[in-house]
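Here is a short briefing to read beside the sequence and the 3D view. Keep both open as you go through the points.

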Amino acid sequence: MKWEAFECDDCKLRFALEQDPGDEIEEPSCPGCGSSYCGPVEYCGPVDVRMAEQLEEHSPLHEIFMIAGQLPAEVLKDISQRIGDWLATGGKETDEYIEQQLRFAQKFVQS
């Protein structure tokens, strides 16, 4: 497994995903705005912490972002896709559906 950094072309949010070599996600959904127009960047470094600050503090989406590094890649990919689809259809980052995804992520971290 390796970490790859991405930047959203729409909201400019930078984020990192843990990827399996040979099974990489080339254009993942942005955890901030749900856009699928995200391209790789060379270095993310300390930007990862600051990008969480762009999300509403203590929102379910912010909480998911904070534990994302503790989730298996396939779980993070699934949650990211679900949230991206939700936001793309007009949902908000504070909706109950996002809280449901947070509870799902927390169960993986606790197990």
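How many disulfides does the count come to? The count comes to zero disulfides. Keep in mind that this is a predicted model.

**Cysteines**
- A pair of cysteine sulfur atoms must lie within 2.5 Å to be a disulfide, and the count by this rule is zero.
- Cys-8 has 0% relative accessibility, so Cys-8 counts as buried.
- Cys-30 has 1% relative accessibility, so Cys-30 counts as buried too.

**Overall layout**
- The protein chain holds four helices and three strands.
- Along the sequence, the pattern reads β-β-β-α-α-α-α.
- The protein chain has 111 residues, and 40% of them count as buried.
- Take the contacts in the protein chain with a separation of 6 or more: residues 24 or more positions apart account for 51% of them.

**The nonpolar core**
- In soluble globular proteins, nonpolar side chains tend to be buried together.
- Here, the largest nonpolar core has 22 residues.
- Phe-15, Ile-79 and Ile-83 have the most contacts inside this core.
- Two strands are among the elements that each supply at least two residues of the core: strand 1 (2-8) and strand 2 (14-19).
- Helix 2 (60-67), helix 3 (73-88) and helix 4 (96-110) also each supply at least two.
- Which helix gives the most to this core? Helix 3 does, with five residues.

**Helix 3 against helix 4**
- The axes of helix 3 and helix 4 come within 10 Å.
- These axes cross at roughly 175°.
- An angle over 145 degrees counts as roughly antiparallel, so helix 3 is roughly antiparallel to helix 4.
- On the helix 3 side, the contact is made by Val-75, Asp-78, Ile-79, Arg-82, Ile-83 and Trp-86.
- On the helix 4 side, Tyr-97, Ile-98, Gln-101, Phe-104, Ala-105 and Phe-108 make the contact.
- By type, the residues of this contact are nine nonpolar, one polar and two charged.

- Gln-101 sits in helix 4.
- Is Gln-101 buried or exposed? Gln-101 counts as buried because its relative accessibility is 4%, and the cut-off for buried is under 20%.
- Leaving out residues up to four places away in sequence, Gln-101 touches Ile-64, Ile-79, Arg-82 and Ile-83.

**Helix 2**
- Helix 2 is mostly covered.
- Six of its eight residues are buried.
- The buried residues in helix 2 are Pro-60, Leu-61, His-62, Ile-64, Phe-65 and Ile-67.

**Phe-6 in strand 1**
- Phe-6 has its place in strand 1.
- Its relative accessible area is 1%, so Phe-6 is buried.
- Phe-6 and Ala-16 are 10 residues apart along the chain, and their C-alpha atoms are separated by 6.0 Å.
- Setting aside neighbours within four places in sequence, Phe-6 is in contact with several residues, including Leu-13, Arg-14, Phe-15, Leu-17 and Gln-19.
- Further along the chain, Ile-25, Glu-26, Pro-28, Cys-38, Gly-39, Pro-40 and Val-41 are also in contact with Phe-6.

- Leu-76 lies in helix 3.
- Leu-76 counts as buried because its relative accessibility is 9%.
- Apart from neighbours within four places in sequence, Leu-76 is in contact with Leu-17, Ala-68 and Leu-71.
- At 41% relative accessibility, Gln-81 counts as partly exposed.
- Gln-81 and Ser-35 are 46 residues apart along the chain, and their C-alpha atoms are separated by 10.0 Å.

**Glu-96 in helix 4**
- Glu-96 is found in helix 4.
- Its relative accessible area is 48%, so Glu-96 is partly exposed.
- Glu-96 and Pro-60 are 36 residues apart along the chain, and their C-alpha atoms are separated by 8.7 Å.

Definitions and conventions:
Residues numbered from 1 in each chain as written. Predicted model: local features only at pLDDT ≥ 70, side-chain atom pairs only at ≥ 80, totals over all residues. Heavy atoms only, no water. Buried < 20%, exposed > 50% of the residue type's maximum accessible area, 1.4 Å probe, protein only. Core = buried A, V, L, I, M, F, W, Y, C linked by side-chain atoms within 4.5 Å. Axes fitted to C-alpha atoms, helices over the stretch in contact; angles between N-to-C directions. Parallel < 35°, antiparallel > 145°, perpendicular 65-115°, else oblique. Contact = heavy atoms within 4.5 Å. Nonpolar A, V, L, I, M, F, W, Y, C, P; charged D, E, K, R; others polar.
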